[in-house]
Amino acid sequence: MAHRQLNRIKLIPNPKYKRSGPKSYVYLLNKYAFNPTMEGPYHFGNKIHQQGKHGLQKLVGGRASVQKTLQKTATSGQTGEVTAEDQQNDSEYLCPVTIGTPGQTFNLDFDTGSADLWIFSTELPKATITAAGNDHTIYNPKDSSTYTATKGASWKISYGDGSSASGTVGTDNVTIGGLTIKNQTIELAKTLSAQFSSGVGDGLLGLAFSSINTVTPGPAHTPVENLISQDDISSSEELFTANLGSWRDASDPDAGESFYTFGYIDQAPLQAAGVTEPYYTPVDNSQGFWMFNSASASVNGQSIARTNNTAIADTGTTLALVDDTTCKAIYAAIPGSSYDSTQQGYVFPSTVTADQLPVVTFAVGDQQFAVQKEDLAFADAGNGNVYGGIQSRGDMTFDILGDTFLKSIYAIFDLGNTRFGAVQRSEPTQNLAPPQGS
């Protein structure tokens with residue numbers, strides 16, 4: 001392996017990101033298509049989809065099929081479709097990635113819960129490009145001398161509300177953190193539903209396993225998999241790491257800095273934690289996710305047994321979703337908390353202080369890791385309440401540990417050894433100021 005300068009990739013806070021508990025929860029309903037088990041306006045229902053030719057204001061001929069779609073029941077009792085306005089379509093943090101020759105910089109959402117690398121492109125309709133204005137970098141394959149189209153290949157991401165993103169496929173040079181991946185598969189957006197086009201980011205870079213990549217006729221390798229196959233990173237560190245900070249920690253020693261690394265473990269978080277090695281647990285990647293055993297949790301030292309429970313680490317998710325028994329135990333320990341069915345989530349008074357909040361831990365393998373108390377409050381919920389950062393996973397059989405949990409650890413995603421590593425982070429102060437941008 002040739003010597004390369006490996007650097008931190010600093011995350012860029014999205015100045016237009018506005019926190020909303022219900023919108024973030026609906027986004028997860030959409031992404032993972034689970035059925036809620038707690039009362040609220042959002043649910044899945046059946047919708048008849050008619051295939052055929054357009055007649056006078058309707059489809060005629062063809063076949064009708066029943067599709068499971070995400071729906072919303074209004075206070076009037078009327079059920080309708082979930083729109084882009086109902087969900088969080090933006091990212092709190094973005095990462096700069098250079099694509100093409102000469103290189104263009106794209107601010108992408110790094111997502112360990114998916115495996116596609118798609119970007120805004122000139123193949124989109126003119127109306128979409130015009131609407132994007134100066135908010136997006138648009139990739140033009142004709143402007144890159146290293147781009148090659150992949151004939152016969154396509155990609156499509158579909159969500160539970162019927163929204164989708166799709167397009168064509170090619171290869172180009174992609175540079176991440178000082179490492180250039182030659183002939184990396186990139187997915188050029190040709191059609192984008194409003195749910196995909198309304199955010200500030202220029203696309204998404206998936207960091208899950210390639211088995212869930214949507215390129216057809218066959219899944220494409222992810223950037224990290226290609227870094228390994230091209231010997232761009234050391235065989236002893238075939239991994240990437242995530243250190244997700246927060247605006248709340250601006251006065252702490254690390255100033256709340258957020259970054260990724262590829263091909264090495266940054267030693268600063270380990271030194272701050274007083275450890276020499278991360279704690280590791282095996283990963284089950286059979287479903288394409290960074291999934292590991294998480295058979296227990298605790299609230300103020302009281303253990304909650306969760307036999308055979310598993311969890312996935314998802315940097316593309318802001319909340320943490322866990323089983324209902326654990327949710328109820330957490331909020332039972334927070335003074336004044338309640339379940340708000342109109343917002344489909346748990347809330348608690350914004351006047352609750354840090355010493356009144358419980359110590360909540362989740363198992364990563366056989367070791368417990370605590371959630372920062374400040375991250376138990378996710379967003380303003382109105383009426384003097386905040387929307388909790390931990391919510392119900394519905395009928396899903398595994399937890400989704402998103403940023404609410406991941407901000408409390410330095411996370412190591414070790415592909416070479418198929419394992420997940422964690423280092424407990426401890427912030428000197430817990431900043432419970434009202435969440436920004438709510």
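**Ground rules.** This is a predicted model, and I take local features only at pLDDT of at least 70 and side-chain atom pairs only at pLDDT 80 or more, while totals for chains, interfaces and linings use all residues. Residues are numbered from 1 along each chain as its sequence is written, and side-chain values use heavy atoms, with hydrogens and water left out.

**Helix α1.** I went to α1, residues 21–32, where helices are DSSP runs of H or I, at least four residues, and strands runs of E, at least two, numbered from the N terminus. Eleven of the twelve are buried, meaning under 20% relative accessible area with a 1.4 Å probe, protein chains only. At the start of α1, a side-chain oxygen of S20 comes to within 3.3 Å of the backbone nitrogen of K23. Just past the helix, A33 has a positive phi of about 50 degrees.

**K31.** I then asked which side chains K31 has polar contacts with. K31 lies in α1 and is buried at 14% relative accessible area. Its side chain contacts that of D111 at 3.2 Å and that of D314 at 3.2 Å; a polar contact here is an N or O pair within 3.5 Å, one able to donate a hydrogen and the other to accept it.

**Second largest cavity.** I found about 60 Å³ of space in it; a cavity is a set of points on a 1 Å grid where a 1.4 Å probe fits but cannot get out, and lining residues have an atom within 4 Å of a point. β27 (377–382) and α7 (403–406) each give two or more residues to the lining. The lining has two nonpolar, two polar and six charged residues, including R19, E92, R248 and K407.

**Ring pairs.** I got 21 aromatic pairs, counting ring centres within 6.5 Å, with planes under 30 degrees apart as stacked, over 60 as edge-to-face and the rest as tilted. F240 and F413 are stacked, because their centres are 4.7 Å apart and their planes at 5 degrees. F240 is in β15 and F413 in β31, 173 residues apart. F240 is buried at 0%, and F413 is buried at 0% too. F259 and Y410 make a tilted pair, 6.2 Å between centres and 50 degrees between planes. I also noted a cluster linked by ring pairs, with F240, F413 and W290 among its members.

Conventions
Expected span 1.5 Å × (residues − 1). Buried < 20%, exposed > 50% of the residue type's maximum accessible area, 1.4 Å probe, protein only. 1 Å grid on protein atoms, 1.4 Å probe; cavity = no way out; pocket = protein on both sides within 12 Å on 5 of 7 lines; lining within 4 Å. Points joined across faces, edges and corners; volume = space filled by probe spheres on them. Nonpolar A, V, L, I, M, F, W, Y, C, P; charged D, E, K, R; others polar. Phe/Tyr/Trp six-rings, centres within 6.5 Å; stacked < 30°, edge-to-face > 60°.
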